[in-house]
Amino acid sequence: MSIQKEEEEKKNRELKGNKVEAILAQFSVAGSRRIASLILDIGEMILRSGGEVARVEDTINRLCSAYGFRKTDVFTISSCIIMTVTDEGGNIFTQTRRIRGGTGTDMERVRRCNALSRELCAHPLPEAELRKSVEALSGTPVYSNMFLCLGYICIAGSMAVFFGGDRADFIAAAVAAPVMLLVMELGRRADIQNYVTYFLNAFITGLLIYALLRFGIGHNYDKIAMGCIMILISGVALTTAIRDMINGDVVTGLLGLINALIQAVVIALGFVAAFAIFER
């Protein structure tokens, strides 16, 4: 039985190898560069969506191996991916991807990228089909703005109550939450620097909370503000940074940790600025 199983595994490896060779036979050096670029696109999506560095590098290494590249060297930090590969013809080339605008949190997109990479490792696709699969991952948002708005409302309202607020505080936080989503979306579309967007979001939200209190909606500024702050705090980014350091990617982990701490300070400054204006 073991001999038969070994023979079957050998045949499967040969079939997979023949398929990869057939795919790579279509490509020149330029074709290999295009395949490497598409693989880099997948790695970039994982990094931008909040995936840890070890996952990005492992995915790129596995995909390059599945597509017949002899050797792959990947270096990743939170703002850059550098990949050097050697193709079947012995040609060596390097591609660099600069990650601008920071990273976000989208675990569903990370899951979809992982699922696609597993499929490609088992059954490599030709370039045209690979390009369509990659474009399908990045083409449409995973969650609609309506769904995000509902999530913002639930998080802000529930956290306001969790920190000791009452029903009125829940309503005030729920009213402020859609405004926070709007500011984040406008900042993204205007390509405003992340720290500036977070400061403006916290400042505008602080002013809005005070306005709601003046109109009798809500009772406790601090409880409402804490509920809204929980939307902006990068808990996943902080956890990912610590995980990167545990995995040995100390530089990336420190960069992520510093970024999360600066972001928390910026958010606090925004609420403090609003508080200072109304408390004069």
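Trainee: Let me start with one residue. Is glutamate 108 buried, partly exposed or exposed?
Mentor: Glutamate 108 is partly exposed, because its relative accessible area is 24%. The cut-off for buried is under 20%. Keep in mind that this is a predicted model.

Trainee: Which side chain does glutamate 108 meet in a salt bridge?
Mentor: That of arginine 111. The N to O distance is 2.8 Å.

Trainee: Where do arginine 111 and glutamate 108 lie?
Mentor: Both are in helix H4, residues 107-122. They sit three residues apart, about one turn of the helix.

Trainee: And what is the relative accessible area of arginine 111?
Mentor: It is 46%, so arginine 111 counts as partly exposed.

Trainee: Let's step back. How many helices and strands does the chain have?
Mentor: Eleven helices and three strands. Along the sequence the pattern reads α-α-α-β-β-β-α-α-α-α-α-α-α-α.

Trainee: What share of the residues is buried?
Mentor: 40% of the chain's 280 residues count as buried.

Trainee: Back to salt bridges. How many are there in the whole structure?
Mentor: A search finds twelve. One of them joins the side chains of arginine 62 and aspartate 58, at 2.9 Å from N to O.

Trainee: How far apart are arginine 62 and aspartate 58 along helix H3?
Mentor: Four residues, so about one helical turn separates them. H3 covers residues 53-66. Aspartate 58 is partly exposed, at 36% relative accessibility.

Trainee: What about glutamate 185? Which partner does its side chain meet in a salt bridge?
Mentor: Arginine 188, at 2.4 Å from N to O.

Trainee: Which residues are linked in a network of salt bridges?
Mentor: Asp41, Glu44, Arg48 and Arg97.

Trainee: New topic: the surface. Which residues make the nonpolar patch?
Mentor: Ile192, Val196, Phe199, Leu200, Ile204, Val265 and Leu269. Together they make a patch of about 520 Å².

Trainee: Which helices each supply at least two residues of it?
Mentor: H8, residues 194-214, and H11, residues 250-278. The largest share, four residues, comes from H8.

Trainee: And where is isoleucine 192?
Mentor: In the loop between helix H7, residues 167-189, and H8. Isoleucine 192 has a relative accessible area of 33%, so it counts as partly exposed.

Trainee: You mentioned H11. At what angle does it cross H10?
Mentor: Roughly 160°. The axes of H11 and H10, residues 235-246, come within 7 Å. That makes H10 roughly antiparallel to H11, because angles over 145 degrees count that way.

Trainee: Why give both an angle and a distance?
Mentor: Because two packed helices are described by the angle between their axes and the distance between the axes.

Trainee: Last one. Is the crossing of H10 and H11 left-handed or right-handed?
Mentor: The crossing of H10 and H11 is left-handed.

Conventions:
Residues numbered from 1 in each chain as written. Predicted model: local features only at pLDDT ≥ 70, side-chain atom pairs only at ≥ 80, totals over all residues. Heavy atoms only, no water. Patch = residues over 30% accessible without salt bridge, like charges linked within 9 Å, V, L, I, M, F, W, Y side chains within 5 Å. Areas by Shrake-Rupley, 256 points an atom, 1.4 Å probe, with all protein chains shown as cover. Salt bridge = Lys/Arg side-chain N within 4 Å of Asp/Glu carboxyl O. Buried < 20%, exposed > 50% of the residue type's maximum accessible area, 1.4 Å probe, protein only. Axes fitted to C-alpha atoms, helices over the stretch in contact; angles between N-to-C directions. Parallel < 35°, antiparallel > 145°, perpendicular 65-115°, else oblique. Left-handed = near helix turned anticlockwise from the far one by under 90°.
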